[in-house]
Amino acid sequence: SSKDRPGFGKLSMPKPQSGTSERRTSFFGTRTSGAGMSRNSTFGAFGGAEKMKDPRPLHDKAFVQQCIKQLWEFLSENGFPNSVTIKSLQSPSTKEFLKIFAFIYSFLDPTFQMPTSKIEEEVPRVLRDLGYPFALSKSSMYSVGAPHTWPQILGSLIWLIDNVKLFNNMKKQDLLFGGFSEGSVDIEDGVEFNKMFMEYTAKTYDRFMQGADTFEEEDEEYRQKIKKIYNVDESHLEAVSEKHRILCEEVERLEKESQQDRLMAKRSEKLKLQTDLQKIQSYRNNLEIFKTNLEQKVASVSEELEGAELQVETLKKEQSRLQHVLENQKFSQADIERINHERNELQQMIATLTKSREEAEQHMWNEEIALAKAKESVEAELAEYHRLARKLKLIPSSASNACGRDFEIKFSAECGLSKIGQNKTHIHIPLMNMISEVEEELGRLTNHKLSLEETVEQVNCNLFDKANDIKQLKEKIRKVDEEMEQELQAKREEEKWASELESMEDHRKRLQKKVTEGYDEAAEQLKAAQQE
């Protein structure tokens with residue numbers, strides 16, 4: 001019968017819209033849909049380049065103390081193997097922090113083993129993989145207990161503890177991800193249905209993130225599973241559907257034939273009864289809630305009354321004990337006054353020492369802040385040194401100007417005076433020697449340049465003199481040419497001047513040859529000077 005079989009109404013699901021639907025928002029990342037549009041992520045900012053500002057007041061001492069107390073309570077309640085106190089958690093060492101971190105993370109991953117090297121990279125990586133939204137620098141791992149780094153690291157531990165608590169609660173409520181039952185659990189409780197629905201949602205969401213907008217295969221697979229778990233008989237379902245169709249047709253026929261619509265009257269009466277039933281159930285639920293609140297108040301008042309009675313009984317016993325001590329005390333009035341005087345002196349001494357301790361702690365806090373600023377300044381200077389060294393090709397040791405020496409300065413929080421002495425021996429002294437050699441080479445090249453400049457100046461002077469000589473010789477040649485021209489024109493007909501004219505022509509050629517040879521010699525000297 002229909003009562004023996006669970007209802008099949010849960011199978012009705014709205015189909016996803018087609019590719020023309022709007023692009024939806026993903027909570028886990030950005031991907032491209034089939035239409036080429038992007039789906040944005042709400043939590044994607046955690047892995048991006050944008051840094052999120054921590055909204056927690058980690059620089060508030062009261063908040064830090066509250067977080068330390070919460071951390072100490074978690075470690076104490078869960079059996080932390082090492083000894084830990086609230087005082088030791090005020091400024092723990094790196095070793096203690098690693099033990100605490102490994103202990104807390106083991107609740108999420110029992111197989112986790114803290115590596116022996118590169119812990120400054122491993123711890124931030126683990127937190128980043130878990131989804132911790134705020135970045136921890138590598139340098140903070142070297143000085144965990146410092147006042148400027150411990151609050152941020154403490155905040156990450158509190159976030160990790162919250163994740164552990166959430167994980168434990170989810171394990172206790174193993175409802176959505178429990179295995180299929182073999183008939184021992186009522187299907188109507190929703191365990192198996194919820195599991196299958198989660199699997200269906202995961203598959204369709206995975207397809208959705210890959211770009212799909214319709215999920216016919218997943219819908220069909222989900223329908224088949226639902227039919228299987230609810231033991232749906234296809235033939236019976238078809239018979240019931242046919243019967244339902246016939247009954248609907250009969251009802252329509254009767255409604256048309258009947259003057260008085262009795263079916264509508266019955267439906268109205270049924271609707272009215274259902275409304276009354278809902279009101280009665282709502283009233284009953286309100287009464288149950290009121291009853292539960294009253295029971296809780298009664299239980300709370302009973303517990304308070306029992307606590308007050310125990311406190312009264314304890315106070316009575318304490319009063320009897322003090323009365324007995326007062327009656328049997330062996331001290332005189334002078335002894336009591338002396339004890340009170342000593343107590344007052346001790347209280348004043350305690351107050352003085354407490355004030356001195358607070359001043360010392362404040363001074364230590366200021367010194368640690370100054371030390372942190374000095375470290376940051378040293379790191380900046382060191383980065384500038386490495387930048388200039390790489391520009392001058394001194395780093396690494398295989399660089400052209402390094403001469404096989406390692407000029408890189410490796411700085412860490414553990415560096416001491418011995419490390420500074422080593423840097424002075426291996427880096428400062430070789431650099432000063434290299435500077436001296438470069439200055440000597442620069443002086444030698446400068447002297448050589450001056451000598452070459454003097455040589456060039458002397459050659460230029462010689463060239464200038466030769467140019468003047470050439471100019472004078474050309475002037476003489478011009479004058480001789482003029483004279484020859486005049487004589488040739490005046491005495492062209494006289495034969496006695498023929499021999500003289502030939503001699504003058506020969507003289508001119510010899511002079512011109514000498515001028516050419518002098519010019520060539522000067523040009524060769526200039527070329528030789530330029531080559532030097």
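The model is predicted. Of the 532 residues, 20% count as buried. The structure holds 21 salt bridges.

**Overall build**

- The protein has 11 helices and two strands.
- Along the sequence, the pattern reads β-β-α-α-α-α-α-α-α-α-α-α-α.
- Residues 24 or more positions apart account for 56% of them.

**A buried residue**

- Serine 156 sits in helix α4, which covers residues 150-172.
- Is serine 156 buried or exposed? Its relative accessibility is 2%, so it counts as buried. The cut-off for buried is under 20%.
- Which residues does serine 156 touch, leaving aside those up to four places away in sequence? They are Arg56, Leu127, Tyr132 and Leu136.

**Patches on the surface**

- Leu346, Met349, Ile350 and Leu353 make a nonpolar surface patch of about 430 Å².
- One of these residues, isoleucine 350, lies in helix α9, residues 333-391. Isoleucine 350 has a relative accessible area of 54%, so it is exposed. The cut-off for exposed is over 50%.

**A salt bridge between a helix and a loop**

- Side chains of opposite charge can pair when their charged atoms come close.
- Glutamate 121 forms a salt bridge with lysine 138. Their closest N and O atoms are 3.3 Å apart. The cut-off for a salt bridge is within 4 Å.
- What does this pair tie together? Glutamate 121 lies in helix α3 (residues 119-130), while lysine 138 lies in the loop between α3 and α4. The pair therefore ties together parts that are 17 residues apart in sequence.
- Glutamate 121 is partly exposed, because its relative accessibility is 35%. Lysine 138 is also partly exposed, at 47%.

**Salt bridges within a helix**

- Glutamate 242 and arginine 245 form a salt bridge, with the closest N and O atoms 2.1 Å apart.
- How far apart are glutamate 242 and arginine 245 along helix α7? They are three residues apart, so about one helical turn separates them. Helix α7 spans residues 234-257.
- Glutamate 242 has a relative accessible area of 36%, which makes it partly exposed. Arginine 245 is partly exposed too, at 38%.
- Glutamate 384 and arginine 387 meet through their side chains in a salt bridge of 2.5 Å, N to O.
- Both glutamate 384 and arginine 387 lie in helix α9. They are three residues apart, about one turn of the helix.
- Glutamate 384 is partly exposed, with a relative accessible area of 34%. Arginine 387 is partly exposed as well, with 43%.

**A salt-bridge network**

- Which residues are linked in a network of salt bridges? They are Glu199, Lys203, Glu221 and Lys225.

Note on methods:
Residues numbered from 1 in each chain as written. Predicted model: local features only at pLDDT ≥ 70, side-chain atom pairs only at ≥ 80, totals over all residues. Heavy atoms only, no water. Helix = DSSP H or I, 4+ residues; strand = E, 2+ residues; numbered from the N terminus. Buried < 20%, exposed > 50% of the residue type's maximum accessible area, 1.4 Å probe, protein only. Contact = heavy atoms within 4.5 Å. Patch = residues over 30% accessible without salt bridge, like charges linked within 9 Å, V, L, I, M, F, W, Y side chains within 5 Å. Areas by Shrake-Rupley, 256 points an atom, 1.4 Å probe, with all protein chains shown as cover.
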